[in-house]
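Please look over the model shown here. The questions that come after it ask on what grounds each description rests.

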Amino acid sequence: MALSSSDVKLFYKLWLSVLQFVDTRYCISHVATQKGRPIVTMDEETIYNIASYMFDHREVIDEYVSENPGHFSSDELKIIQKWKYRVNTTFVIDRIVKKGAILIATNTSRVYCVEPILSSWDELTASHDLPASVETALLPFKNQIIFDSILKASSVELNPEMCEWVNAIYLKAKRKREIISSAAELIKSEKVQATPDLKVKLN
């Protein structure tokens, strides 16, 4: 189930403002955005690189919140602050369920239920056979888990043995009720080290 129209607008308002701030300050795109080029005119690869820099240097989120260049409310800044607990890695989109899509992190074997932003997961994965590997970032948003609007094809190819392994990880998490499906659970899980079962298998 996608976000409400008001939440879609809120997310993109916050997200694009933060990306613009990061690129203007650190010149990730090598184009001076302060000279008038808005972030929304950049190609997906460039936006991906800007977001990746932000995720690899989480202190820039503190800088944004401290300076508040977007003049956001305290509640809106709290949403941005929680993006420090993002999960950016290679994931396997295992299946689509009623509440979203099941994504499994290949570096930790954690299993997430992720809600789409605007388009449904059926639309987002229409050109892919599941399970499929992608690079993206999961973000806490209010009490939901969403992704950062970019799904980048991964170089990891899933053979039948890997698909069976992914399915086993999902079934185990479901049986033990360990599927991470809320922002609070995501933030809590980032403070706990997980066993990298899937990473070993995929490598």
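What follows is a set of questions and answers about this predicted model.

Q: What is the basis of the residue numbers and of the values used here?
A: Residues are numbered from 1 along each chain as its sequence is written, and side-chain values use heavy atoms, with hydrogens and water left out. The model is predicted, and local features need pLDDT of at least 70, side-chain atom pairs count only at pLDDT 80 or more, while totals for chains, interfaces and linings use all residues.

Q: How do you know how many helices and strands the protein chain has?
A: Helices (H or I, at least four residues) and strands (E, at least two) are DSSP runs, numbered from the N terminus. On that count the protein chain has eight helices and six strands, and along the sequence they follow the pattern α-α-α-α-β-β-β-α-β-β-β-α-α-α.

Q: What does the radius of gyration of the protein chain agree with?
A: The radius is taken over C-alpha atoms, and the globule rule is 2.2 Å times the number of residues to the power 0.38. For 203 residues a compact globule would have a radius of gyration near 17 Å, and because the protein chain has 17 Å, the two agree. Along its principal axes the C-alpha trace spans about 50 × 30 × 30 Å.

Q: Which class of accessibility does Ser-4 fall into?
A: Ser-4, in the segment before H1, has 36% relative accessibility and so counts as partly exposed. Ser-4 and Ile-117 are 113 residues apart in sequence, yet 8.5 Å apart in space, C-alpha to C-alpha.

Q: What makes the buried residues of H4 line one face of the helix?
A: The buried residues of H4 are Glu-76, Leu-77, Ile-79 and Ile-80. Seen down the axis of H4, they fall within an arc of 150° (taken from the directions from the helix axis to the C-beta atoms), so they line one face. In general, an α-helix has 3.6 residues a turn, so residues three or four places apart point the same way. The face of H4 turned away from the buried side carries exposed residues, Ser-74, Asp-75 and Lys-78. Given that contact means heavy atoms within 4.5 Å, the buried residues of H4 pack against helix H1 (5–26), H3 and S4.

Q: How do you know which form the peptide bond from Leu-130 to Pro-131 takes?
A: Its omega is near 0°, and the bond is cis. Pro-131 lies in the loop between helix H5 (121–124) and strand S4 (132–141).

Methods. Buried means under 20% relative accessible area, exposed over 50%, partly exposed in between (1.4 Å probe, protein chains only).
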